[in-house]
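Hi everyone, thanks for coming.

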Amino acid sequence: MDKSKKIDIKSILLNNGIILLLMLLVIYVSITEPRFRSFQNLMNLAINAAPRVIIALGVSACLITKGTDLSAGRVVGLSACLAGIMLQKPDAAGKVWPNFPQLNVWVVLLIVIAICMVFGLVNGVVISYLNVPAFIGTLGMQLIVYGIAQVITNNVPIGGYRADYIAVTQGKVGPIPLLFIYLIIAAAIFWFIYNYTRHGKYMYAIGGNEVAAEVSGVNVKKTKIIIYVTAAAMYAIAGFLLGGKSGGASTNMGMGYELEAIAACTIGGVSVNGGVGKVSGVIIGVAVFELLKSALQFLGMNPSYQFIAQGIVIVVAIALDIRKYITKK
């Protein structure tokens with residue numbers, strides 16, 4: 001047998017150990033709790049995963065180019081608040097903007113996307129032209145966006161949504177939730193971009209070696225700006241969907257989602273060291289993370305301990321990713 005084709009069991013276990021452990025947990029819960037594997041629970045998982053996959057797709061491009069986006073969760077929250085304010089019923093109690101016209105629900109989505117893309121543009125410019133590390137630049141944007149959300153809402157929870165907003169976010173096509181369909185569409189678009197467009201090739205080239213990419217003619221600054229603007233658009237869509245799914249919004253909606261997205265991407269094989277990542281991996285990572293949360297709930301674990309478990313998963317996922325990078329070097 002050719003040694004080069006020999007399966008390295010140890011390497012497979014180390015590189016995919018966290019997924020294997022989580023899947024063992026899922027199998028155990030599936031056996032002990034029949035409701036966990038029910039169609040209804042699977043649909044609930046799909047509904048919960050949909051906006052998170054959309055967020056993770058936006059974050060994945062940032063990670064592939066050795067960046068990150070810590071403002072993701074707050075932009076999601078701002079999007080949910082903006083959409084909620086513009087799509088409240090005319091007679092809703094405590095209407096935030098009483099004189100705002102009743103616009104078409106899809107027009108509101110486009111407005112929210114356009115507003116959020118401005119923050120992505122600022123992120124891209126700060127990172128590309130001012131050479132501010134992505135971690136610091138997007139951390140600052142996180143605080144800015146959170147402050148803006150507080151100003152426009154006066155920290156008042158938003159509700160009383162129009163029926164058309166509820167319909168496009170909570171509706172179904174047969175037994176399939178619309179949110180799951182949106183997830184499939186977003187994943188298909190990103191898969192095409194990552195695999196069959198010049199932008200996708202540039203993205204991986206920058207993540208692999210930014211200097212070499214620039215020397216070979218890649219417009220690194222422009223590509224990074226497009227990545228952060230596109231990411232912000234994805235957060236806007238996710239916030240719009242999340243707000244409608246929840247039936248209400250507040251300034252704390254989306255808090256911490258950027259960390260979940262980074263963890264999910266890393267679990268799915270998107271390297272924080274850049275140049276590596278697939279759309280299928282992003283979906284797998286989000287699915288594993290959502291299955292973990294659902295499994296812990298079915299086991300009756302105290303919510304406080306659930307946060308501890310999720311934190312451990314995030315740290316281990318990043319540690320394993322760094323280990324793979326060091327081993328390759």
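Let's begin with the largest pocket: α2, α11, α12 and α13 (303-328) each supply at least two residues of its lining. Before we go on, this is a predicted model, in which local features need pLDDT of at least 70, side-chain atom pairs count only at pLDDT 80 or more, and totals for chains, interfaces and linings use all residues. Residues are numbered from 1 along each chain as its sequence is written, and side-chain values use heavy atoms, with hydrogens and water left out.

On a 1 Å grid over the protein atoms alone, a pocket is an open set of points with protein on both sides within 12 Å along at least five of seven lines, a cavity is a set where a 1.4 Å probe fits but cannot get out, and lining residues have an atom within 4 Å of a point. Grid points are joined across faces, edges and corners, and a volume is the space filled by probe spheres set on the points. Helices (H or I, at least four residues) are DSSP runs, numbered from the N terminus.

Back to our pocket. Its volume is about 460 Å³. There are 22 residues in the lining, and Arg52, Glu260, Lys293, Gln297 and Gln310 lie nearest the centre. By class, the lining of this pocket has nine nonpolar, nine polar and four charged residues. Here Ala, Val, Leu, Ile, Met, Phe, Trp, Tyr, Cys and Pro count as nonpolar, Asp, Glu, Lys and Arg as charged, and the others, Gly among them, as polar.

The largest cavity holds about 70 Å³ of space. Around it you'll find Arg52, Ile55, Ala56, Tyr257, Glu260, Ala261, Ala264, Val286, Phe289 and Glu290. Two or more of these lining residues come from each of α2 (39-64), α11 (257-267) and α12 (279-298). Which helix gives the most to the lining of this cavity? That's α11, with four residues. The cavity lining counts seven nonpolar, no polar and three charged residues.

So how do α11 and α12 meet? Their axes come within 7 Å and cross at roughly 115°. Axes are lines fitted to C-alpha atoms, for helices over the stretch in contact, and angles run from 0 to 180 degrees between N-to-C directions. The crossing of α11 and α12 is right-handed; that's the word if the near helix is turned clockwise from the far one, and left-handed if anticlockwise, by less than a right angle. On the α11 side, Glu260 and Ala264 are among the residues that meet α12, whose partners include Val286, Phe289 and Lys293. Contact here means heavy atoms within 4.5 Å.

Finally, α2 also packs with helix α7 (residues 178-196), at an angle of about 20° and with the axes 8 Å apart. The two helices are therefore roughly parallel to each other, a label for angles under 35 degrees. Their crossing is left-handed.

Key. Parallel < 35°, antiparallel > 145°, perpendicular 65-115°, else oblique.
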